[in-house]
Amino acid sequence: MNFFEIVNAHLSELSPNEQKLFDYVVTNMGQIKNQSIREVASATFVSTATFLRFVKKIGFSGFSEFTTVIKFTLIDRQEAERTTPFVVQQKDYREEYLKNIGESIRVIQPDHLRQVVDRLAQHPDVFFFAKGVSKHAVAYIDYLYTMAGFKTHFPRDHDYRKQALTQVDNDALVFILTYKGSDGEMLDMMSQLVERPVRPLLVSITEPDNNTIQNLSDINFYIFTDGVTVNGTDISSRISTISVMELILYQYVEDYGGRDFHFQRQLES
């Protein structure tokens, strides 16, 4: 069984410290699968007893089952990456597609969502920085946030991004949307923002690994997707990116819509 299918029912029960342990596990599965409980506990600065209690709380009978399921989850993911989706049975790929979206939403930490929504409620300038496939997804996201009344900035090429960076003030909300957390241009931009004495809130959306962009961010949201390349071009789905950004906006509307504007849910006919 998939790791995330097991832990899903228990995520809402985790304390803030347990959420940090879960965050570490998600980003370091490849390393943890071959480690002892003592090594993992040491890496997370907790006792072995504490980590074992955490393992049981998220649905496993013990550390052995915990690492075994992680290994099978990684194997399944590698198999999915090696298989071109268009030669998989359609019903099978639909299931994987939905799982990716579900996992991206399930692992969101409530306090991180709350921090971003509360910053939006202050009506900051909102900056979206993205390239490649993510850039095309952000065009839609930029439309949504603009229609919700936010002052958004979405520079679409290198020169415009460089200029937009000079306009980011300390009260801004900055989203870095890139699946790979090692893009040189994005890392350079983030380094400049991080070095400021007072910096804007930096929110990144990246793949679930321990990447540099994630580590430079104040808040990181993980997205899961299957890598798809056709004719040498990356066309991997960014629906999980859109889902996370829609969730943030709709949570803001739910919490602050009555204050900021007349909000009604409408059903399309």
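Which side chain meets R199 in a salt bridge? I looked this up, and the partner is D218, at 2.5 Å, N to O. The model I am working from is predicted.

**Entry: the R199 pair in its setting**

I placed both residues along the chain. R199 sits in the loop between α11 and β4 (201-206), and D218 sits in the loop between α12 (212-216) and β5 (219-222). The pair therefore ties together parts that are 19 residues apart in sequence. I then checked how much solvent each one could see. R199 has a relative accessible area of 26%, so I note R199 as partly exposed. D218 has 35% relative accessibility and also counts as partly exposed.

**Entry: the chain as a whole**

I stepped back to the overall fold. I count 13 helices and 7 strands in the protein chain. The C-alpha trace spans about 50 × 45 × 45 Å along the principal axes. I compared the radius of gyration with the value for a compact globule. For 269 residues that value would be near 18 Å, and the chain has 20 Å, which agrees.

Next came burial and surface. Of the 269 residues, 46% count as buried. The accessible surface comes to about 14,200 Å². Carbon and sulfur atoms hold 50% of that surface.

I also asked how far contacts reach along the sequence. Taking contacts with a separation of 6 or more, I find that 70% come from residues 24 or more positions apart.

**Entry: charges**

Side chains of opposite charge can pair when their charged atoms come close. I searched the whole structure for such pairs and got 11 salt bridges.

**Entry: E5 and K99**

Where in the chain do E5 and K99 lie? I first confirmed the pair: their side chains meet in a salt bridge at 3.5 Å, N to O. E5 is in helix α1 (residues 3-7), and K99 is in helix α7 (residues 90-106). The two are 94 residues apart, and the pair links distant parts of the chain. E5 counts as partly exposed because its relative accessibility is 39%. K99 has a relative accessible area of 34% and is partly exposed too.

**Entry: E185 and R161**

I moved on to another bridge. The side chains of E185 and R161 meet at 2.7 Å, N to O. E185 lies in helix α11 (residues 184-194) and R161 in helix α10 (residues 158-165), so this pair joins parts that are 24 residues apart in sequence. Are these two residues buried or exposed? Both E185 and R161 are buried.

I followed the partners further.

**Entry: the loop between α4 and α5**

I looked at two residues here. T44 is in the loop between α4 (37-43) and α5 (48-57). T44 counts as buried because its relative accessibility is 13%, and the cut-off for buried is under 20%. Which residues does T44 touch, leaving out those up to four places away in sequence? I find L21, Y24 and F51.

F45 lies in the loop between α4 and α5 as well. F45 has a relative accessible area of 78%, so I log F45 as exposed. I also checked the backbone. Phi of F45 is near 60 degrees, a positive value in a residue other than glycine.

**Entry: H123**

I looked up the backbone of H123 too. H123 is not a glycine, yet its phi is positive, at about 55 degrees. H123 sits in the loop between α8 (110-120) and β1 (126-130). With a relative accessible area of 41%, H123 is partly exposed.

**Entry: L247**

L247 counts as partly exposed at 28% relative accessibility. What does L247 contact, apart from neighbours within four places in sequence? I find I105, I108 and L113. I also took the distance to E18. L247 and E18 are 229 residues apart in sequence, and their C-alpha atoms are 23 Å apart in space.

Terms used: Residues are numbered from 1 along each chain as its sequence is written. This is a predicted model: local features need pLDDT of at least 70, side-chain atom pairs count only at pLDDT 80 or more; totals for chains, interfaces and linings use all residues. Side-chain values use heavy atoms; hydrogens and water are left out. Helices (H or I, at least four residues) and strands (E, at least two) are DSSP runs, numbered from the N terminus. The radius of gyration is taken over C-alpha atoms; the globule rule is 2.2 Å times the number of residues to the power 0.38. Buried means under 20% relative accessible area, exposed over 50%, partly exposed in between (1.4 Å probe, protein chains only). Contact means heavy atoms within 4.5 Å. Accessible areas come from the Shrake-Rupley method with a 1.4 Å probe; for residues, only the protein chains shown count as cover. A salt bridge is a side-chain nitrogen of Lys or Arg within 4 Å of a carboxyl oxygen of Asp or Glu.
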